[in-house]
Amino acid sequence: MSRPGFVLDVDERTPPLLMHQGEGFRLERLPLGAKVIYPPDSLPGIRNVDAAIRHALLNPHGTEPLPELLTPGMRLTIVFDDLSLPLPQMQTPDVRQRIIEQVLEMAAAKGVDDVELIAGNALHRRMTPAELRRTVGDRVFQAFFPEHLKNHDAEDHDNLLHMGKTKHGEDVEINRRAAESDLIVYVNITLTAMSGGSKSVSVGLASYKSLKHHHNVHTLRHSNSFNDPPNSAMHHSYDRMKGVIDDHVKVFTVETTVNNNTFPSSMGFLNKREWEWNVRDQASYVAVKRANELLPAKTRRRIWQSTAAPYGVTGVHAGEQSEVHPLTLENVHRQQLTEVNGQSDVAIYGLPYVCPYNVNSVMNPILVMSLGLGYFFNLYKNKPIVRQGGVAIFYHPVPNEFHPVHHPSYIDFFEEILTESTDPVLLETKYEEQFANDPWYIQLYRNSYAYHGVHPFYMWYWGAHALEHLGDVIFVGGNRKTTSRMGFRSATTLADALEMAKDTVGSSPSITYQHAPPLTLADVR
Amino acid sequence: MILALEYHRSPGRFIAARSLTATKLGGRMSGMIAGNVSPLRLINRQAPELPGEGWTRVTPRLSGICGSDLGLLTGRSSPYLSPMTSMPFVPGHEVVGETQDDLPGMPKGTRVVMDPVLSCVARGTPECRWCASGHQSRCDHITTGRISAGLQTGSCADTGGGWSRQFVAHASQLHAVPDELPDERAVLAEPLACAVHSVRRVKVAPGSTAVIIGAGTVGLLTLLALRELTEVGAVYVVAKHGHQQEKAKALGATAVIEPRKAIRALRRVTAARMHTPEIGGDFLLGGVDVAFECTGGSSGLDTSLRLVRAGGTVVVSGMPNGGVDLTPLWYRELELVGAYCSGADGADFADAIRLAGTAPLDGYVGTTYPLARWREAINHAADAGRLGTVKVAFDPAR
Ligand SMILES: [Zn+2]
Ligand SMILES: [Zn+2]
């Protein structure tokens with residue numbers, strides 16, 4: 001039985017605590033009385049994952065077993081979550097590969113030969129052939145790539161189908177091949193509570209025309225939080241779209257969850273509570289930290305980016321989405337949920353090297369913003385860990401660097417648009433359409449490996465709720481120029497940051513540090 | 001005898017100045033311009049004599065320092081121009097002054113501005129085809145006639161120039177200034193006439209997009225002329241310095257862009273495609289309709305060629321220096337258009353005087369210097385952008 005998550009009160013005996021800070025980490029001594037939120041211990045993984053998958057496919061929830069849905073001559077489309085999940089990438093074989101292989105075996109046994117595989121990358125950059133191969137495995141890749149294993153192309157208008165509108169007038173437009181299939185099998189990894197469920201098909205296969213109904217400032221400001229679907233306007237929209245999709249096409253969903261085994265054994269200390277570090281953990285902390293700091297920047301990035309997590313799979317559930325997803329969320333909560341008593345004046349987050357949009361890439365300042373004020377801030381149920389008007393302190397160097405191939409529109413967004421305003425509503429009304437319809441960005445999205453032109457706006461909206469909620473945002477170790485361009489402040493040390501926070505929260509604020517990764521979802525009472 | 005700043009370039013000193021300032025380091029050492037190797041000296045010299053009928057003596061009230069003057073002083077201007085100068089000469093061609101002799105229709109004591117071109121009628125030669133058709137700035141007789149060689153007042157040994165207490169000018173060069181136009185605005189008439197001319201050198205279609213590279217005097221006045229005289233659509237200005245951005249906005253720039261962001265930003269607003277060659281700057285497929293190069297630098301011209309659409313136009317307004325890669329000119333079938341001084345038989349100048357009175361040009365001539373403080377004046381002018389100044393001028397009477 002693994003221990004549940006808990007909240008530590010920092011006292012004289014508390015050792016310095018681990019803090020992620022981009023492509024590095026440090027031990028930080030927090031002020032006495034600060035609270036630290038830890039996730040539950042990593043859950044045991046399922047021993048025989050293949051058997052669990054088989055069991056799920058044959059005993060689905062709310063629908064017939066998969067083999068009964070497969071008939072000769074049918075059109076079968078297998079869609080899988082893209083590179084943005086999980087984080088970091090999992091060690092191979094990827095659970096998606098294991099599921100797809102079994103689905104394909106069942107389809108072959110039933111004489112299904114019209115099968116297409118599509119990465120549900122929405123407006124994310126295309127996955128490279130190597131990235132696709134890593135996700136689906138060699139056998140599937142060799143058999144299907146490139147004709148029958150593709151990235152979704154949200155700008156290929158001949159291959160999109162407008163299915164209609166929700167009762168709120170939201171356009172539902174998704175990949176035509178999937179929409180016109182007799183069956184979609186959606187292969188998912190739910191890393192956080194925001195993923196999976198009705199989001200899978202409605203977002204992963206959508207076009208800009210459809211996405212803009214939920215990826216906007218209004219919706220994000222009314223998603224408190226987007227990791228708590230019942231209280232997320234974003235998820236309400238996904239649900240309405242799912243209704244329209246269900247009228248057109250049958251979706252058989254396979255959802256998986258993973259445990260908190262985020263870092264490989266060589267960095268095992270990153271998975272552990274600091275006071276439980278043994279001598280070996282302490283030695284490897286010192287060794288890894290020193291080696292990391294001595295590495296040339298490029299090598300350091302390559303090593304972090306090629307780090308793969310030895311996750312255990314904690315659940316595989318298949319069938320009708322609305323019946324499957326609650327089970328999935330239960331598993332996520334089992335692994336991540338920690339009850340927290342009340343909000344504090346100051347929240348502290350250590351931001352790691354990776355977010356959903358810089359896998360094998362560069363974490364640019366906009367992505368740092370979205371990781372901090374979007375993803376980490378929103379890792380709560382009920383209430384944010386920091387009170388309205390409080391201060392968020394993030395640890396990240398926020399370097400002024402961009403991947404020119406992956407994030408071209410981000411460069412323009414940062415250089416031109418943010419210099420004019422950081423107000424999400426103003427940016428949305430004035431510039432979103434321009435970026436979304438820019439033919440060059442569209443060309444790069446379709447033919448190169450670029451995120452869609454509109455994507456940096458989504459990243460900014462992701463933080464819109466936090467921007468409204470917080471009284472101040474301070475980056476410890478943050479580049480002065482990049483942080484101030486985004487409307488934030490930077491401090492050299494935590495002491496400096498707390499000194500700066502005095503203007504907003506006074507000289508003896510209550511402090512909560514959300515210790516992650518491994519991820520923690522705070523249930524704030 | 002009059003006080004004058006004389007350019008007495010000797011070949012050795014010229015090359016010394018050139019090699020010092022042509023390097024990147026030298027470029028930053030703007031103090032060197034007016035240092036020991038300067039080809040300029042302050043002297044008392046004989047006042048220039050009237051070359052003949054139709055000439056008058058002029059006493060400058062203000063005399064601007066032009067980018068082309070700085071090019072001359074730093075040795076960055078092209079040796080191409082050397083046959084069209086005569087030594088020694090007194091620089092200064094942006095002048096507001098007072099006439100000292102009666103001319104037909106212009107009594108002495110008239111406040112005037114000057115078109116510096118020394119064309120056929122001033123030289124007393126039979127009119128060349130250009131002068132005959134009202135294009136005096138293209139005059140072919142610029143090295144002959146009753147005065148020595150010199151493309152303008154300010155490069156001719158016989159006329160003197162604006163950087164002195166007195167020079168001579170021909171009636172055909174002079175335009176009377178309305179009483180209500182202050183000297184600080186009138187001294188901008190000459191560069192403004194050049195800007196008007198450069199805009200008239202090309203067909204600017206209604207609603208078309210333009211970019212102006214550089215927001216010094218030439219760039220800002222070109223923007224003014226574009227807005228006043230054409231139905232241009234968006235005008236983007238590439239400007240280095242903060243105060244230039246404000247001024248460009250005040251004159252109607254659609255947006256003002258830092259140089260290092262120019263190509264990306266213009267790509268976005270014109271919905272063009274951007275490409276990155278293995279060596280050299282990014283360029284656009286698509287882009288703006290017309291670019292005005294107003295820096296006089298080769299990198300400005302290089303940028304212009306890279307961000308104009310196929311079939312578009314690049315106007316060279318600043319006196320150029322250095323070579324550029326002309327591949328985009330060939331591949332994109334661009335028009336490369338030169339714009340030198342003013343034309344239209346005086347109409348450019350008339351418009352310039354009108355605009356100098358009405359446009360928001362307050363503060364453009366911020367600082368004036370007596371001739372004796374020429375070193376500071378030249379250094380200030382060379383660093384004007386960074387120092388927040390548009391135009392530095394001499395006040396020779398002081
Ligand atoms: Zn000039
Ligand atoms: Zn002539």
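Colleague: How many residue pairs are in polar contact across the interface of domain 1 of chain A and domain 2 of chain A?

Modeller: This is a predicted model, and a pair is counted here if both residues have pLDDT 80 or more. Domain 1 of chain A covers 6-41 + 336-524, and domain 2 covers 49-258. Between these two domains of chain A, the residue pairs in polar contact number 19.

Colleague: What area is buried between domain 1 of chain A and domain 2 of chain A?

Modeller: The size of an interface is often given as the accessible area lost when the parts come together. In domain 1 of chain A, Y445(A), Y449(A) and W462(A) lose the most area to domain 2, together 20% of what that side buries. Carbon and sulfur atoms give 59% of the area buried between the two domains of chain A, and the total is about 3500 Å².

Colleague: Which residue forms a salt bridge with R221(A)?

Modeller: The count between domain 1 of chain A and domain 2 of chain A is four salt bridges. In the salt bridge of R221(A), the closest N and O atoms are 3.4 Å apart, which is within the 4 Å cut-off. The partner of R221(A) is E468(A).

Colleague: Which residues of chain B lose the most area to chain A?

Modeller: Chain B and chain A bury about 1200 Å² between them, with 41% of it on carbon and sulfur atoms. Three residues together make up 54% of what the chain B side buries, and they are R264(B), R268(B) and R273(B).

Colleague: How many salt bridges are found across the interface of chain B and chain A?

Modeller: Ten residues of chain B are in contact with 17 residues of chain A. E416(A) forms a salt bridge with R268(B), with the closest N and O atoms 3.2 Å apart. Across the interface of chain B and chain A, the number of salt bridges is six.

Definitions and conventions: Residues numbered from 1 in each chain as written. Chains lettered and ligands numbered in written order. Predicted model: local features only at pLDDT ≥ 70, side-chain atom pairs only at ≥ 80, totals over all residues. Heavy atoms only, no water. Domains from an automatic or database assignment. Buried area = accessible area lost by both parts, 1.4 Å probe. Salt bridge = Lys/Arg side-chain N within 4 Å of Asp/Glu carboxyl O. Polar contact = N/O pair within 3.5 Å; in protein donor to acceptor, adjacent residues only side chain to side chain. Contact = heavy atoms within 4.5 Å.
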